[in-house]
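Student: I have a new structure to study. Can we go through it by question and answer?

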Amino acid sequence: MALPPPDPRFVLRGTTAAVHTLHFSCGGQEPDFPILFSGSESGFVHVWNLKTRRVETALDGHGRKSVYWVETMGAKDRLLSQGRDQRICLWDLAEGRTSVTDSVFTENVGFCRCSLLKVAQERWLMAMAAKSLEEVQVLELPSKTSVCTLKPEVGAKLGMPMCLKLWQLDTGSQPWLLAGYEDGSVSLWNLSMGKVWSQLVCHQEPVMSLDFDSEKAKGISGSSEKVLSIWSLNEQQNLQVHKTHELINSGISDITIRSDKKILATAGWDHRIRIFGWKKMKPLAVLDYHTATVHCVAFSDHRNPSERLLAAGSKDHRISVWSIYAQT
């Protein structure tokens with residue numbers, strides 16, 4: 001039996017627009033307070049101080065076009081943000097600066113969030129939906145050199161990539177990309193070959209979000225339907241359906257597995273955040289606070305498990321912050 005759901009630890013107000021993306025940065029030595037970055041429909045990235053629970057800085061680099069992905073590159077003073085202005089900005093936030101030091105023009109009209117993977121010291125890969133609607137481009141950062149362009153086979157009819165996840169088994173091993181497409185399928189791309197290694201139809205509708213646990217070789221995806229699809233990779237790296245989980249209400253905008261791989265959170269069109277045990281997909285809690293679609297969920301990466309937080313951003317302009325299952 002699930003515990004009665006808690007109330008949010010606190011709520012962040014002040015974006016004055018729908019919140020589309022969230023990212024915690026708890027880097028540095030504890031008790032260094034974590035920072036939360038949020039991207040809003042108004043085109044701003046807000047940098048939240050979680051001690052004062054106020055906006056420390058508002059970054060305006062996307063021409064007032066919606067920001068739908070933010071992530072730090074290594075340290076919390078280097079931030080990537082992606083907006084509907086078809087631009088990805090690299091921000092320098094060190095010593096109080098708020099300058100865009102570099103940018104990538106994607107020429108992509110969709111709203112597929114990028115994926116970032118650290119592959120070596122000061123070297124990252126970034127996957128992004130490309131100009132040609134069905135393609136994904138992988139760049140190396142900070143050099144911005146093109147690693148590969150992933151084109152589906154002629155006649156594949158996958159539609160646009162909707163969500164991306166770069167991963168590798170361990171540092172130094174070869175990177176892979178999981179991509180969820182408009183036709184409801186998930187593809188595993190081998191980056192060194194630039195080819196689809198394996199493919200699986202997981203949904204009847206476009207894949208809205210996915211996450212992957214490389215240790216267990218198991219992933220999860222959601223769409224506009226009432227079902228979560230859980231799939232796995234066998235030893236030949238072939239995708240296979242593990243199981244499906246029926247939801248009460250349809251529509252999942254975001255899914256994230258906590259870094260300790262014990263629980264996951266989903267952001268629902270039904271205004272609710274749902275927490276599941278990752279091992280068996282046991283429903284643990286339904287967090288009911290928001291009054292509109294929840295667009296995004298993010299876990300903090302505190303070193304101390306008891307301090308770990310979950311944040312959710314919604315169309316209702318609010319960010320709810322929860323202290324959840326710290327003891328699991």
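**Repeats, sheet and cavity**

Tutor: The UniProt annotation "repeat: WD", from an unreviewed entry, covers residues 200-241 and 287-328. UniProt positions follow the numbering used here, feature names are shortened, and annotations may be inferred rather than shown by experiment. This is a predicted model: local features need pLDDT of at least 70, side-chain atom pairs count only at pLDDT 80 or more, and totals for chains, interfaces and linings use all residues. Residues are numbered from 1 along each chain as its sequence is written, and side-chain values use heavy atoms, with hydrogens and water left out.

Student: How far apart are the end C-alpha atoms of residues 200-241?

Tutor: Look at the make-up of the span: 0% helix and 60% strand. Helices (H or I, at least four residues) and strands (E, at least two) are DSSP runs, numbered from the N terminus. The end C-alpha atoms lie apart by 8 Å.

Student: Which strands stand at the edges of the open sheet of four strands?

Tutor: The order is 1-28-27-26, with antiparallel pairing. Two strands pair if DSSP finds at least two bridges between them. One side of each edge strand is left without a neighbour in the sheet, because each has a single partner strand: these are strand 1 (10-12) and strand 26 (294-299).

Student: Which residue is the bridge partner of F10 in strand 28?

Tutor: Strand 1 and strand 28 (residues 319-322) pair in the antiparallel sense over three bridges. In strand 28, the partner of F10 is V321.

Student: Which strand gives the most to the lining of the largest cavity?

Tutor: A cavity is a set of points on a 1 Å grid over the protein atoms alone, where a 1.4 Å probe fits but cannot get out; lining residues have an atom within 4 Å of a point. Strand 8 (87-92) and strand 9 (99-105) each supply at least two lining residues. With three residues, the top contributor is strand 9.

Student: How many residues of that lining are nonpolar?

Tutor: The lining includes M73, L80, D102 and K144. Ala, Val, Leu, Ile, Met, Phe, Trp, Tyr, Cys and Pro count as nonpolar, Asp, Glu, Lys and Arg as charged, and the others, Gly among them, as polar. One residue is polar and two are charged, while the nonpolar ones number eight.

Student: Is L125 buried or exposed?

Tutor: L125 sits in strand 11 (residues 123-129). Buried means under 20% relative accessible area, exposed over 50%, partly exposed in between (1.4 Å probe, protein chains only). L125 has 4%, so L125 is buried.

Key. 1 Å grid on protein atoms, 1.4 Å probe; cavity = no way out; pocket = protein on both sides within 12 Å on 5 of 7 lines; lining within 4 Å.
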